[in-house]
Amino acid sequence: MIVRDSEFFISEIFRSIQGEGNYAGINSLFIRFQFCQLTCNWCDSKYTWYEKSGSFKLYSKKELIDLIENNPCKHIIFTGGEPSLYRLDLLYNKNKKFHVETNGNIIPILPLDITLADGTHINRQAMNEKIIEQFNWVVSPKLKNAYQEIDETSLCFWASRSYAIFKFIIRDIEDLDEIEYWQKKCSIAIDKIYVGIEGISLHSQLRPEIVDAIIAKGYHFSPRLHIMLWGNKRGK
Ligand code: SF4
């Protein structure tokens, strides 16, 4: 299968609150894109990984633009999977506020030509930075606890962009050292770093000793409100 510009494979569309990051609590429309180039071991949306791993629907550019235009939500959250596999700049609407949840291993202003693990081929042109700099990019680099490798060039690109903030997910206090390593390596501004706790239950999120350590490092704590309210329920 080949994914081209102007084609958008969508896993699901739903309304909820933004659970995490610098807009936590905001009433939003979520558009979840199919496919991801990573395979994080604790991924809660593995159904987006492969062509055969879940149901999804093909939208044309016009169909998706119309859907966004006609939805009452002001905040539109592109999530996944990995949304930056697609030409998100083509979906811009000046009356909406767009947010992108990305793993940060892709530079959107460069063309992309990759083949995913299931043979799906992504071939997209560079996004227009004048447009995507108006999006709130929530860059969530996956640490060793997800058994993934951070791409240094990509992370340093994001660190240089005013329109990106960073959301790291940790399992233990020791993971904060890895965040600090990357923060220094790419000169990420400390006040752009949000740290959340991995887990899919309310209990997993209530770890004050971890939040104390996050505070001591000078980072923001990111709640994961959807997990606290609904657990790992799809469409929330
Ligand atoms: S980057 Fe996100 S969608 Fe992709 S495998 Fe990791 S957690 Fe899942």
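G199 is partly exposed, with 19 other C-beta atoms within 10 Å. The cut-offs are these: buried takes 20 or more other C-beta atoms within 10 Å of a residue's own, exposed takes 12 or fewer, and partly exposed lies in between, with C-beta atoms placed from the backbone. This is a predicted model: local features need pLDDT of at least 70, side-chain atom pairs count only at pLDDT 80 or more, and totals for chains, interfaces and linings use all residues. Residues are numbered from 1 along each chain as its sequence is written.

**Around G199**

- G199 sits in the loop between β11 (193-197) and α5 (202-205).
- Beyond its neighbours within four places in sequence, G199 is in contact with S204, Q205 and I227. Contact puts the C-beta atoms of two residues, placed from the backbone, within 7 Å.
- I227 is 28 residues from G199 along the chain, and their C-alpha atoms are separated by 7.9 Å.

**The chain as a whole**

- The protein chain has seven helices and twelve strands. Helices (H or I, at least four residues) and strands (E, at least two) are DSSP runs, numbered from the N terminus.
- For 236 residues, a compact globule would have a radius of gyration near 18 Å, and the 17 Å of the protein chain agrees. The radius is taken over C-alpha atoms, and the globule rule is 2.2 Å times the number of residues to the power 0.38.
- The C-alpha trace spans about 50 × 35 × 35 Å along its principal axes.
- Buried residues make up 36% of the 236 residues.
- Of the contacts with a separation of 6 or more, 72% join residues 24 or more positions apart.

**The nine-stranded sheet**

- Nine strands form an open sheet with mixed pairing, in the order β4-β2-β3-β5-β6-β9-β10-β11-β12. Two strands pair if DSSP finds at least two bridges between them.
- Its edge strands are β4 (57-60) and β12 (220-221), each pairing on one side only.
- Strand β2 (residues 7-17) runs antiparallel to β4, joined by four bridges. E7 stands opposite S60 in β4.
- Helix α1 (residues 61-70) packs on the sheet and touches β2, β4 and β5. The direction of α1 makes about 85° with that of β4; axes are lines fitted to C-alpha atoms, for helices over the stretch in contact, and angles run from 0 to 180 degrees between N-to-C directions.

**Strand β5 and its partners**

- Four of the five residues of β5 (residues 75-79) are buried, so the strand is largely enclosed by the rest of the structure.
- Strand β3 (residues 27-33) runs parallel to β5, with five bridges between them. I31 has F78 in β5 as its bridge partner.
- Strand β6 (residues 97-102) also pairs with β5 in the parallel sense, over four bridges. The bridge partner of I77 is H99 in β6.

**The three-stranded sheet**

- A three-stranded open sheet has the order β1-β8-β7 and mixed pairing.
- Its edge strands, β1 (2-4) and β7 (112-115), each pair on one side only.
- The twist averages 10° from one strand to the next.
- β7 and strand β8 (residues 121-124) are antiparallel, over four bridges. T115 stands opposite H121 in β8.

**The ligand shell**

- The residues around the ligand include C36, C40, C43, E82, N103 and K142. Each has its C-beta atom, placed from the backbone, within 6 Å of the molecule.
- The shell has four nonpolar, six polar and two charged residues.

Technical notes: Nonpolar A, V, L, I, M, F, W, Y, C, P; charged D, E, K, R; others polar.
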